[in-house]
Amino acid sequence: MNIIDLDENLKVTWSDIGHYEEMMVNDGYVLLKNIISLELLNQIKKNIHHTLVSLGAQESDPFTKQYNDVIKIIPPFTLNIELKRHFIFAKFPHKILHIPLIFNFLIRLLGPDLAFLIDAELPVNINGKTDHTLVKKFHQEFWSGAGYRTFVLWSPLIFPKGSGGLEIIKGSHLWGHIPHRNREPLHIPTDAKSVIIDSDHHSERDVVLFHSLTLHRTIPNAIDHPRLAYATHVRNIFEQDTGFEIIKNWEIFNLSATSKIMKACGNPHLSPFRTLNLNLNESSY
Ligand SMILES: O=C(O)CCC(=O)C(=O)O
Ligand SMILES: [Fe+2]
């Protein structure tokens with residue numbers, strides 16, 4: 001399995017990243033173990049807690065009770081959009097995407113001009129719910145409009161033991177666009193190698209990066225505690241659209257030096273001396 005344990009890899013070099021790049025090319029995914037710090041995870045959980053309380057949950061209840069109470073009034077899919085908006089407003093995607101190993105790996109994969117998908121989800125997995133929006137069958141993100149030069153970041157933020165997880169088909173990104181109907185593949189080779197990223201063996205601090213052609217699905221939740229993940233897509237803003245990127249919302253989280261120079265110039269007419277006497281470090285250009 002493509003496991004990189006941050007605790008054992010505190011010092012990550014550019015050549016280590018080359019090794020992860022090879023894993024991505026060969027297997028279509030890389031699992032980064034314990035990459036989210038406990039501190040960041042706690043901040044995220046606090047944010048989710050505050051949102052649930054603002055939507056009517058009791059302050060002193062544990063997450064499961066809070067979540068189950070709120071979904072009596074707001075359906076999970078809608079509630080998760082609300083949770084996601086607060087999560088983005090608190091800049092958690094930026095914090096996760098700027099974790100040095102994740103950030104440097106994404107730059108290695110895609111180049112430095114990077115944006116993440118705002119419309120992406122906080123997918124929840126609840127015992128007994130079989131709705132296809134909550135328990136996803138094997139799929140490629142490409143089927144839903146992700147370009148084939150896009151990567152997915154999946155991070156199980158609330159991941160109690162027994163709550164399922166994500167199943168990935170190793171190497172399936174190299175099968176190209178897999179024929180499908182009604183959100184599932186028409187055929188999967190019998191010798192396909194499945195990789196299980198479940199809560200019995202993985203932690204809330206793990207992150208999986210995978211290619212938009214990598215086949216994956218939800219592992220159903222067998223316990224009464226909901227599982228909540230964060231999933232987003234990352235692309236290079238200068239890439240030609242190879243999917244339906246144009247109809248989705250993106251937020252830039254890093255610019256190359258070349259793009260910073262463009263931004264400082266302000267417009268493609270390169271208006272002379274627009275930045276005269278301006279300290280670029282103190283302004284947003
Ligand atoms: O978390 C899940 O249940 C599945 C999420 C998913 O399909 C994705 O992140 O692309
Ligand atoms: Fe997916």
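Val152 pairs with Phe210 of strand 10 as its bridge partner, and on strand 12 Val152 stands opposite His233. The strands here, like the helices, are DSSP runs numbered from the N terminus, with at least two residues (E) for a strand and at least four (H or I) for a helix. Keep in mind that this is a predicted model, in which local features need pLDDT of at least 70 and side-chain atom pairs count only at pLDDT 80 or more, while totals for chains, interfaces and linings use all residues. Residues are numbered from 1 along each chain as its sequence is written, and chains are lettered from A and ligands numbered from 1 in the order in which they are written.

Let us look at the strand pairings together. Two strands pair if DSSP finds at least two bridges between them.

| Strands | Sense | Bridges |
|---|---|---|
| Strand 2 (residues 29-33) and strand 10 | antiparallel | four bridges |
| Strand 5 and strand 10 | antiparallel | four bridges |
| Strand 3 and strand 12 | antiparallel | three bridges |
| Strand 4 (residues 124-125) and strand 12 | antiparallel | two bridges |
| Strand 5 and strand 12 | antiparallel | seven bridges |

Leu209 of strand 10 is the bridge partner of Val30. On strand 12, Leu228 is the bridge partner of Val124, and Val234 has Phe116 opposite.

How enclosed are these strands? A residue counts as buried if 20 or more other C-beta atoms lie within 10 Å of its own, as exposed if 12 or fewer do, and as partly exposed in between, with C-beta atoms placed from the backbone. Five of the five residues of strand 10 are buried, so this strand is largely enclosed by the rest of the structure. Val207, Leu209 and His211 point one way from strand 10, whereas Val208 and Phe210 point the other way. Strand 12 is mostly covered, with eight of its 10 residues buried.

Val152 also turns up around ligand 1, in a shell that includes Lys136, Glu141, Trp154, His216, Thr218, Ala229 and Ala231. A residue is near a molecule if its C-beta atom, placed from the backbone, lies within 6 Å of it. Strand 5, strand 11 (216-219) and strand 12 each give two or more residues to this shell.

Now to the helices. Phe105, Leu106, Leu109 and Leu110 are buried in helix 6 (residues 100-110). They cover an arc of only 105° around the axis, which puts them on the same side of helix 6; the arc is that of the directions from the helix axis to the C-beta atoms. Among the elements covering these residues are helix 1 (14-27), strand 5 (151-158), strand 10 (207-211) and strand 12 (227-236). Gly111, with a positive phi near 90°, follows helix 6.

Leu97 lies in helix 5 (residues 92-97) and counts as buried, because it has 20 C-beta neighbours inside 10 Å. Leaving aside neighbours within four places in sequence, Leu97 is in contact with Ile102, Phe103, Phe116 and Phe253; a contact needs C-beta atoms, placed from the backbone, within 7 Å.

Finally, the whole chain. The protein chain has seven helices and 13 strands. Buried residues make up 34% of its 285 residues. Of its contacts with a separation of 6 or more, 85% are between residues 24 or more positions apart.

How values were computed
Two residues are in contact if their C-beta atoms, placed from the backbone, lie within 7 Å.
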